[in-house]
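The following exercises concern a single protein chain. Each task is followed by a solution in steps.

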Amino acid sequence: MATFVGAVKRYLSGEAEEKRSIRSILLGPPGAGKGTQAINLKENFGVCHLSTGDMLRAIAKEDSPLGKRVASTLAAGELVTDSLVIEIIEANLQSEACKIGFMLDGFPRNLVQAEKLDEYLEGQSEPLNNVVEFKVKDDILVERISGRMIHQSSGRTYHEVFAPPKVPMTDDVTGEPLMKRPDDNATVLKRRLDIYHEQTAPLIEFYQKKGILRSIDAMQSPEKVFKDISAHFTH
């Protein structure tokens, strides 16, 4: 693995024959492992990770009319408006952190957002170069989500059964407390999955026609999933 990652870093740093910026989408249902892989990919490729979920949860904590509205929407398992999400994404794509490349996680969620994103990126002469689809069965997702715990500042995830922390509800690295998201329960998840299949799944066909869709079996080990995604990032 170390040799593989080293080669990837040399490739992206310009030590290889040419440097190619990563402009990618991580596409998949909640609980598919996008956040976990994004942390590893960010560390190894140096590109920014834009998670609409994380950004919206941060807004939801604000003591403002917008924060309260977003909080209420997220708690119900609904989606915020296209216009707000697009505004947040475009603002972040212009940041210095995203100059080398970016991974979008949780956006776009529907064809309207996908078309708006294409329009914006093509205007910057930086079209997407790959879309990674995380494939996981719904029953596996419910099991994963129901036991999930998060270290909020780092994004590290744990699971009560599959990947428990050394000390209950405590981050292994910092010793800080872990949290469970209010929307990480079976009832809300089923609603989120219904929305995903209805609105987001058509994006698979959309990006397949563009020739940039790469499907990954996200039920494999995290190490194997990372290796599969990395291979697509460098080809």
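Helices (H or I, at least four residues) and strands (E, at least two) are DSSP runs, numbered from the N terminus. The model is predicted: local features need pLDDT of at least 70, side-chain atom pairs count only at pLDDT 80 or more, and totals for chains, interfaces and linings use all residues. Residues are numbered from 1 along each chain as its sequence is written, and side-chain values use heavy atoms, with hydrogens and water left out.

**Exercise 1.** State where Val-80 is placed and whether Val-80 is buried or exposed.

Solution. Step one: Val-80 sits in the loop between α4 (65–75) and α5 (82–93). Step two: with a relative accessible area of 15%, Val-80 is buried. Step three: from Val-80 to Asp-171 the separation is 91 residues in sequence and 30 Å in space, C-alpha to C-alpha.

**Exercise 2.** Describe the overall build of the protein.

Solution. Step one: the protein contains 10 helices and seven strands. Step two: its C-alpha trace spans about 50 × 40 × 35 Å along the principal axes. Step three: 45% of the 235 residues count as buried.

Technical notes
Buried < 20%, exposed > 50% of the residue type's maximum accessible area, 1.4 Å probe, protein only.
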